[in-house]
Amino acid sequence: MNPSTSTTPEAAPEPVPSGSPGGGGPLPPVNPEVVAAAVESLTSRLRKKLDSAIEQYAALPVTAVGEGVRIACGEDAVVTLSPGPSGVIADADQASCSCLLAPRCLHRAAVLSACPIGDALPGGEEAASRDSADARADEGPGSGGPSDSEPEGAAGAGSVGAAEAVGPTAAQVAAAAGLWAAAAAVLSAGVPAAGAVPQAELLRAAHTARLAGLPAAEAAALRVVRGLRAARARHDGHRLADLVSALRELLLTAGRLAGADPDPALAGTVRRNYQPGGSLKVYGVFREPVISATGYGGVVTHVVAEDGRWYSVADVKPGGSARARGAATAPVAIGPAMLNHFQLSRAGLLIAGATVSPDGRLGAGKGVRATPVSGLPWTEGPMAALFARPPAEAAAARLSGHAWSESDTAEQAREPVGCDLVIVGAAGDHVLARALLPGESDSVGGFGPLIRLVPASHHPELAHVDNLRRLASRPGLLVRVVGRVEPDRVATLLPLAVGPVPGTEATLRLPPEWQGHADLGYDRLQGAHLPPQDACPPPPDGDEVDPVAGAPLWRVRRLVELAVSGGRRAVAESARSGESYAQLRTAGFQAAADLVAGLTAEADRRSRDVFGRLTDTGPDRYAWAWVAAATHLAATERAMVHASWQPDDPL
């Protein structure tokens, strides 16, 4: 984790999909095994040229041809990609080249390697992706995805919840060992040397893991490949901390499985299985635009039931930012409800025969019937209970995931929280605000922790950034916020919707047609929506203190990230430079100091044979040393983030 780094999610500037050519439209996503097979078919001579060829061909214009695309790589070499109905290249026959060496040619392998990595599972995006909650919203009923039923073979051996599960099978252990070897090699090489060939080896291992029933490990491997591509291409949206997290989770998961760890959670689960949900009455809360890194776009409308449980209705399909804008008022595809997403976010639905995924996605099967009902304001019913919960308590529930697991952490933090805030002002890329403790008023005091509001997306066609700037321009403004806890930064929210705080003049004044709240990704706040400056009381103290950034743990973080960005050799060089970790020991971080000392020692370990010649001991010991240091760092920082949500003494 890197709490001091600006975050992105379903998030910071969405990275341009790998293979978005500068002279044309984007390339279609391709399944991992197709890329791996194309690279493996090359001769060793051609593999050496692959990375430069990818860079060259990714900049070529893309021509639409029927349902596919065509890339002219030379006079006699035209690569044609013909994705299936899902929009993904899922079979080797869907990619062809006109040159004489095809299909074992450099042109075809390079173009496929330039394409974004698609999901191996049916239905689009990777279910466990860190990319913003947004990247998970493209599948499921009602969004142009598959039906409500789970694909055949989804509940393979080792699935979570299987009562008879006693540990990984022999096939799973072998697949995990392959993943470990590929990931350890990537870690040892570092980003500069982790080109298309090491990535293909990791994709092949990920495909084997999927076939063995290890979806969690496969998902982590795909995140690592996407992160490597973004790092090597220097995408604006790339965060080294994200790549570190994905690689840490992959190595720890694969390493434990390869050692036959019986924990059933290590295998993970595939595709969300929609189950009958009976009759539901839900009320709209807000809309969230979705622009994923692999070309999907749309909207997710979040609704809440009378008992306080969160559900969502998704409409996400290929189309990127243009579709995200258009879907804001697209019809809701649940029964004959005849509502669009804007209306649903302000109204309610009475659903009969509902189908619900484990993460609360509402399905749109044939037996589902929905009737529009009146909505509820944020001051009544389940929403009133949401804002009555202390922020520290709500944040603690969202930060309860495993610190070592990026996907588990993201899933836990995904459920929205609500709190009343008083705006303090802007600070760099975020807005500072103080929490108003439930039951307190701004005239009495009772302020909670200092909270940082960070844009949920920096995409220029969405309104998040502009809206936060507008809020920051009025210190003392009281605002009711619904958002997500950011698990990687101290006391940070990704705000998704705002509304007025009842019983005060120093709050938002929204137009009647917005019906009590603004969706920060779509609705644009104007000066007229803010109270006069003289109506806002002086804001409370907002001195920003980041205990994570200020701790000497930055030394551990720097070494852990250096290992990924520069490889084993860079870590060994840092050890030879005489880097001291005495400050860690002085500050009480004894375990952290011991772990980084062990990491640098392993990086610089040199074994010799009986003749005194240097031998390669392999990357295993070094990889485990890095995993230990990275996992300890993540757990320590998570504890500090958790503590940052605790309320200060009343001012």
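Predicted model: local features only at pLDDT ≥ 70, side-chain atom pairs only at ≥ 80, totals over all residues.
Let me begin with helix α11, residues 381-388, which lies across strands β5, β6 and β7. The helix runs at about 95° to β6, the strand spanning residues 296-305.

The strands under discussion belong to an open sheet. Five strands make up this sheet, in the order β7-β6-β5-β8-β9, and their pairing is antiparallel. At the edges stand β7, residues 310-318, and β9, residues 369-373, each of which pairs on one side only. From one strand to the next, the twist averages 35°. In general terms, strands of a sheet pair through backbone hydrogen bonds, in either a parallel or an antiparallel manner.

Strand β5, residues 275-291, and strand β8, residues 348-356, run antiparallel and are joined by seven bridges. Which residue stands opposite Val282 in β8? That residue is Leu349.

For context, I turn to the protein as a whole. Its secondary structure comprises 20 helices and 17 strands. The chain has 651 residues in the protein, and 56% of them are buried. The accessible surface comes to about 25200 Å², with 55% of that area belonging to carbon and sulfur atoms.

My next topic is a pair of helices. Two packed helices are described by the angle between their axes and the distance between the axes. Here the pair is α16, residues 554-566, and α20, residues 620-644; their axes come within 10 Å and cross at roughly 135°. Because of that angle, α16 is oblique to α20. The crossing in which α16 passes α20 is left-handed. On the α16 side, the residues that meet α20 are Val556, Arg557, Val560, Ala563 and Val564. Their counterparts in α20 are Tyr622, Trp626, Ala629, Ala630, Leu633 and Glu637.

Finally, I would draw attention to Thr492, which is found in strand β14, residues 492-500. Is Thr492 buried or exposed? With a relative accessible area of 0%, Thr492 counts as buried, because that value is under the 20% cut-off. Which residues are in contact with Thr492, leaving aside its neighbours within four places in sequence? They are Arg452, Val454, Arg484, Val485, Glu486 and Trp645. As for His430, this residue and Thr492 are 62 residues apart in sequence, while their C-alpha atoms are 9.3 Å apart in space.

Key. Residues numbered from 1 in each chain as written. Heavy atoms only, no water. Pairing = 2+ DSSP bridges. Helix = DSSP H or I, 4+ residues; strand = E, 2+ residues; numbered from the N terminus. Axes fitted to C-alpha atoms, helices over the stretch in contact; angles between N-to-C directions. Contact = heavy atoms within 4.5 Å. Buried < 20%, exposed > 50% of the residue type's maximum accessible area, 1.4 Å probe, protein only. Areas by Shrake-Rupley, 256 points an atom, 1.4 Å probe, with all protein chains shown as cover. Parallel < 35°, antiparallel > 145°, perpendicular 65-115°, else oblique. Left-handed = near helix turned anticlockwise from the far one by under 90°.
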